[in-house]
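Please look at the sequence and the model below before reading on.

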Amino acid sequence: MTDAAERPTPPEGLPPKLVAELRECTPGELRKAIVHAQELLHFHGEAELPIDPEDNDDILRVTEHDGYTEVVKQFRCADGCDDCPHGPYLYHVTEEPHPDGTSKVHWSFMGTVHEREV
Ligand SMILES: [Zn+2]
C-alpha cells in the first residue's frame, strides 16, 4: 500500500473521479491511458503541444497554426550574462508522427522577434 503523502498532486481541474481511477492503474495501464488521451486530443483537434521547455527557457507565446506551432521563447545562460535573457526568438515547431505512436519534433529557428511583436 502506498502512503498518500508520496503520491503526486493531480493537476487542478482534473476530475476527482478520473484521479481515483488513475491511482488504481498499473504502470502499463497508465501508459495506455496516456496514449488514449493523446488520441482523444488529436480527435478534438488539440494535439499535445510538442514542446518540452528547458528549465532556462521562457516560453513567451505559443500559437497553433495549420501544420505547425509558432513558439516565441527566450532563454538564459546557465550562469547568466549581461545580455540575458536572450531573444525572444521565433521558432516553427512541427511534429512528424511515426507509426509506433511516437513523434519526432522539429524546431526551426525563424529569427529574432522584436519586443513589440510579442
Ligand atoms: Zn546570457
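Does Cys 81 count as buried, partly exposed or exposed? Cys 81 counts as partly exposed because its relative accessibility is 35%, where buried means under 20% relative accessible area, exposed over 50% and partly exposed in between (1.4 Å probe, protein chains only). The model is a predicted one, in which local features need pLDDT of at least 70, side-chain atom pairs count only at pLDDT 80 or more, and totals for chains, interfaces and linings use all residues. Residues are numbered from 1 along each chain as its sequence is written, and side-chain values use heavy atoms, with hydrogens and water left out.

**Zinc site**

- The zinc ion has as its protein donors Cys 77 (SG), Cys 81 (SG), Cys 84 (SG) and His 86 (NE2), at 2.0 to 2.3 Å; donors are N, O and S atoms within 2.8 Å of the metal (3.2 Å for Na, K and Ca), and sites may look incomplete because water is not among the atoms.
- The angles among the four donor atoms are 98 to 117°, and the site is tetrahedral (four donors with all angles between 85 and 135 degrees).
- Along the chain, the donors of the zinc ion show the spacing C-x3-C-x2-C-x1-H.
- Cys 77, with a relative accessible area of 34%, is partly exposed.

**Aromatic rings**

- There are four aromatic pairs, counted when the centres of Phe, Tyr or Trp rings (for Trp, the six-membered ring) lie within 6.5 Å; planes under 30 degrees apart count as stacked, over 60 as edge-to-face and the rest as tilted.
- Tyr 91 and Trp 107 make an edge-to-face pair, 5.3 Å centre to centre with 80° between the planes.
- This pair links distant parts of the chain, 16 residues apart: Tyr 91 is in strand 3 (residues 86-97) and Trp 107 in strand 4 (residues 103-112); strands (E, at least two residues) are DSSP runs numbered from the N terminus.
- Tyr 91 is buried at 12% relative accessibility, whereas Trp 107 is partly exposed at 33%.
- Tyr 91 also pairs with Phe 109; this pair is edge-to-face because the ring centres are 5.6 Å apart and the planes lie at 65°.
- One aromatic cluster is formed by Phe 75, Tyr 89, Tyr 91, Trp 107 and Phe 109.

**Charge over rings**

- Lys 73 has its charged end over the ring of Trp 107, 4.5 Å from the centre; the rule requires NZ of Lys or CZ of Arg within 6 Å of the ring centre and within 35 degrees of the ring normal.
- Lys 73 also lies over the face of Tyr 91, 5.3 Å from the ring centre.

Note on methods
Four donors count as tetrahedral if all angles lie between 85 and 135 degrees; four count as square planar and six as octahedral if opposite donors are over 155 degrees apart and all others between 65 and 115; anything else is irregular. Helices (H or I, at least four residues) and strands (E, at least two) are DSSP runs, numbered from the N terminus.
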